[in-house]
Amino acid sequence: MIVNQQALHGITTGFKTIFNKVFSETKVLWDKIATKVPSETGEENYKWLGKIPRMREWIGDREIQNLAASDYTIKNKDFELTIGVDRNDIEDDKIGVYNPVIQDIAQSTATFPDDLVFELLKGGFENKCYDGQPFFSTTHKVGKKTVSNKGTNKLSPTSYAAARSGMMSLTDEHGRSLKLIPNLLVVAPGNEEMGRKILLAEQIDGSTNIYKGTAELLVVPDLAGSDDAWFLLCTTKPLKPLIFQERKAPKFDALIDDKDENVFMRKQYLYGVHSRLTPVTAFGRWPLAALAKLRKGMMRNALLHG
């Protein structure tokens, strides 16, 4: 192949077509538990996370809801993935060998939020949320009450029932129900069998399984290594338990000018993708999540205390 700008632009168009097709067709899991929030600046402040506004009877003046209950700022960072295509491969008509690489780049880019979101979920014991406490903590404050979304039981019908009941029993600082109904059970591969038993079996130990169909089961390969981990979540609210902040969506790039240093010095044309988003996705509202996780030999699960 004669290497000129026309040929290089044709190759770039082909690579972009492959990238866009695979990117759009790749199935992801992160959006099951995280809300994508577009960002307009270098960072965003989520001061409204600490309060869930509620309707009230209008007596006297309006009651202005205080949205400055917390100061929770999430900064954006840049991410990239780049490959070099040797000029000789183009001259020798071997460009087809790069097609699977472009497909891999597309899949990696599409699933990168999975890496961030589920790593954040696993780090919920240490990483703090908007109230200054770890996302999974025994010391969350709701008014004058201390509330926990962390416990010590491994996944079983009994612990699932306790976590479900605890979440549905949560109230706000005025004692009014938060109207939370957990709908998603997230498990590591090692907990798939128990998860299916709880949510899909007609009977458990000879008795009718009253929890069949009470939640969707989501088995997450990213949780491998913590095979007893499980998370009970409510994802039906406008804001899901986690936040995925995106400043710039992934964009496919090409550096193919013969005058570029990389081409001149290394006879390489560069192709890649870049995006701008949160370095780690942020926690949303902790009442929407309850957890079990294998950590230092101990099982921690979600048991919410009102």
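Colleague: Which side chain meets Asp86 in a salt bridge, and at what N to O distance?

Modeller: This is a predicted model, in which local features need pLDDT of at least 70, side-chain atom pairs count only at pLDDT 80 or more, and totals for chains, interfaces and linings use all residues. Residues are numbered from 1 along each chain as its sequence is written, and side-chain values use heavy atoms, with hydrogens and water left out. A salt bridge here requires a side-chain nitrogen of Lys or Arg within 4 Å of a carboxyl oxygen of Asp or Glu. For Asp86, the partner is Lys267, at 2.8 Å.

Colleague: How many residues apart in sequence are the parts that Lys267 and Asp86 tie together?

Modeller: Helices (H or I, at least four residues) and strands (E, at least two) are DSSP runs, numbered from the N terminus. Lys267 lies in the loop between α6 (261–266) and β13 (268–277), whereas Asp86 belongs to strand β4 (residues 77–86), so the pair ties together parts whose separation in sequence is 181 residues.

Colleague: Over how many bridges do β4 and β13 pair?

Modeller: Two strands pair if DSSP finds at least two bridges between them. In β13, Tyr271 is the bridge partner of Ile83, and Tyr271 is also the bridge partner of Ala254. Strand β12 (residues 242–255) runs antiparallel to β13, joined by seven bridges. For β4 and β13, the sense is antiparallel and the number of bridges is 10.

Colleague: Is Glu25, which meets Lys21 in a salt bridge, buried or exposed?

Modeller: The side chains of Glu25 and Lys21 come to 3.0 Å, N to O, and both residues lie in helix α1 (residues 5–25), four residues apart, about one turn of the helix. An α-helix has 3.6 residues a turn, so residues three or four places apart point the same way. Buried means under 20% relative accessible area, exposed over 50%, and partly exposed in between (1.4 Å probe, protein chains only). Lys21, at 48%, is partly exposed, while Glu25, at 52%, is exposed.

Colleague: Which elements do the buried residues of α5 pack against?

Modeller: In helix α5 (residues 192–200), the buried residues are Gly195, Ile198 and Leu199. They lie on the same side of α5, because they cover an arc of only 85° around the axis, the arc being that of the directions from the helix axis to the C-beta atoms. With contact taken as heavy atoms within 4.5 Å, these buried residues pack against α4 (157–168), β7 (184–187), β8 (203–204) and β10 (216–219).
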